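Please read the numbered points beside the sequence and the model.

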Amino acid sequence: MTKTAAIIGGGVIGGGWAARFLLNGWNVNLYDPDPQAARKITELLANARYALPMLYDVALPPEGTLSHCSTLAAAVTDADWIQESVPERLDLKHRVIGEIESHAPRATVIGSSTSGFRPSQLNESMQTPDRLMVTHPFNPVYLLPLVELVPSAKTSEAAIQIATEVLTSLGMHPLRVRREIDAHIADRFLEAVWREALWLVRDNVATTEEIDNAIRYGFGLRWAQMGLFETYRMAGGEAGMRHFIEQFGPALKWPWTRLMDVPDLTDELIGKIVDQSDAQSGAHTIRELERMRDENLIGILRALKARDAGAGALLNGHEARIRPARNLDATPEPITSVARTVPIDWTDYNGHMNESRYGQVFSDAADDMMARIGADLDYIAAGHSFFAADIHIRFLQETQAGQAFSVASRVLEGRGKKLRLYHEMLAQDGSVIATAEQLLLHVSLKTRRSCVPLPEVLGKMQALAAAHADLPLPDHLEGA
Ligand SMILES: NC(=O)c1ccc[n+]([C@@H]2O[C@H](COP(=O)([O-])OP(=O)(O)OC[C@H]3O[C@@H](n4cnc5c(N)ncnc54)[C@H](O)[C@@H]3O)[C@@H](O)[C@H]2O)c1
């Protein structure tokens with residue numbers, strides 16, 4: 001049964017949570033008293049619907065239903081998960097959590113998005129503190145997988161277990177924080193960097209843009225893929241971590257940092273930062289900046305996914321869990337061999353899918369058809385495969401980044417060494433985007449010569465060809 005998440009507070013973070021739940025197939029009940037909340041969430045959802053599916057090489061589950069609730073009670077009464085994302089004020093969080101507690105089912109876990117409060121501060125006046133924990137995400141919540149999971153001493157292991165399963169099922173990485181501490185783990189770094197940056201601007205050492213360049217052209221790239229310690233291990237050269245600490249450890253005692261001081265946020269300093277930030281980024285609206293950020297993150301995450309590294313490895317794990325199981329029966333319908341979205345890195349300068357990617361789509365479709373007749377990775381590892389010998393592609397419609405499509409595939413001929421396939425790449429409205437007729441030849445990977453498949457694969461290939469034999473041929477193939 002479809003599960004329901006109650007999102008209490010639908011701003012930047014609550015909206016991001018709503019998008020992540022909806023796009024992973026959950027229904028969402030949203031409560032936010034701001035009359036502008038519905039408009040804001042619609043805009044945020046449009047960005048998320050464009051961005052999140054592009055990360056995956058399979059389709060996400062069907063989207064859940066979003067309900068705007070007029071009271072908090074209505075939002076939480078049937079909720080399987082509750083995420084509190086109201087402004088960062090302890091009195092407000094206490095009031096909202098108290099109200100959630102009195103209307104939500106007893107067993108439902110309550111996660112708080114708080115950036116800085118400890119869970120033992122949030123649960124001070126709760127009757128059921130065992131079900132509350134901090135689940136602190138990162139903006140944009142629909143794209144970044146990290147969520148810091150911070151239990152209090154009163155949080156039950158059962159609630160932690162549920163939270164771990166729910167968050168993992170959303171493609172996130174719940175990082176369990178061992179001991180509660182103000183601002184958890186990641187925001188302590190961000191606070192340190194932010195303090196340093198404010199001093200550098202105040203003392204005219206650097207502008208906001210120069211500081212951003214110092215991050216994005218250098219260590220920001222390193223951190224996205226290996227973090228801090230693995231990076232520093234290499235900085236120590238062959239002698240590794242011990243050498244690195246011996247070499248740079250003494251510098252920690254030199255006055256390289258002003259970490260413990262905070263510059264006074266005078267009108268002058270604030271004005272300076274705002275002016276420099278306007279000069280740096282004022283030509284773009286926030287929505288435009290968000291779109292740029294999302295597209296860059298997609299490119300970075302997909303590159304890591306191809307390397308099975310960092311957050312990309314996490315995406316691969318999630319993808320394996322949501323990939324639909326193949327129906328291996330030979331039935332007389334075309335087979336959906338691919339269902340996914342066109343990612344940003346498949347498109348050219350004008351946002352259209354690049355011609356070469358059609359070849360990839362049909363090659364992926366052929367891989368899926370091969371797996372269905374038993375020519376899967378194990379079969380290939382055992383020394384047999386099919387090689388593409390010929391392909392005819394017809395391009396009928398343009399395809400854009402973010403567009404969902406599927407491929408309907410059928411066997412035209414499955415005899416001896418020959419496997420002839422026909423694929424139709426379909427838009428969501430069922431119209432045909434492109435077609436491909438493809439000839440694959442079975443080969444021995446030892447001799448590199450064509451040969452008849454092993455009996456089991458041959459049998460399945462013949463059965464599928466027989467099942468598809470009576471499907472009507474498209475006009476351009478008639479008589480072929
Ligand atoms: N902005 C970030 O980068 C970020 C990152 C991680 C966590 N957080 C945390 O997430 C929480 C929300 O931050 P945000 O940035 O989304 O703030 P925000 O101001 O964008 O959104 C807060 C929303 O809560 C609504 N709200 C106010 N009172 C409410 C009530 N009584 N019931 C329901 N909704 C109410 C507001 O109308 C607003 O839409 C904070 O605890 C913050 O520390 C923020």
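Does N204 count as buried or exposed?

1. N204 counts as exposed, at 59% relative accessibility; exposed means over 50% relative accessible area, buried under 20%, and partly exposed in between, with a 1.4 Å probe and protein chains only. The residue is found in the loop between α7 (186-202) and α8, and its phi is near 60 degrees, a positive value in a residue other than glycine.

2. The model is predicted: local features need pLDDT of at least 70, side-chain atom pairs count only at pLDDT 80 or more, and totals for chains, interfaces and linings use all residues. Residues are numbered from 1 along each chain as its sequence is written, and side-chain values use heavy atoms, with hydrogens and water left out.

3. The chain has 16 helices and 13 strands, taken as DSSP runs (helices H or I, at least four residues; strands E, at least two) numbered from the N terminus. Of its 480 residues, 42% count as buried.

4. R448, in the loop between β13 (432-444) and α16 (455-468), also has a positive phi, of about 60 degrees, although it is not a glycine. R448 is exposed, with a relative accessible area of 56%.

5. The peptide bond from N139 to P140 is cis, with omega near 0 degrees. P140 is found in the loop between β6 (132-136) and β7 (146-151).
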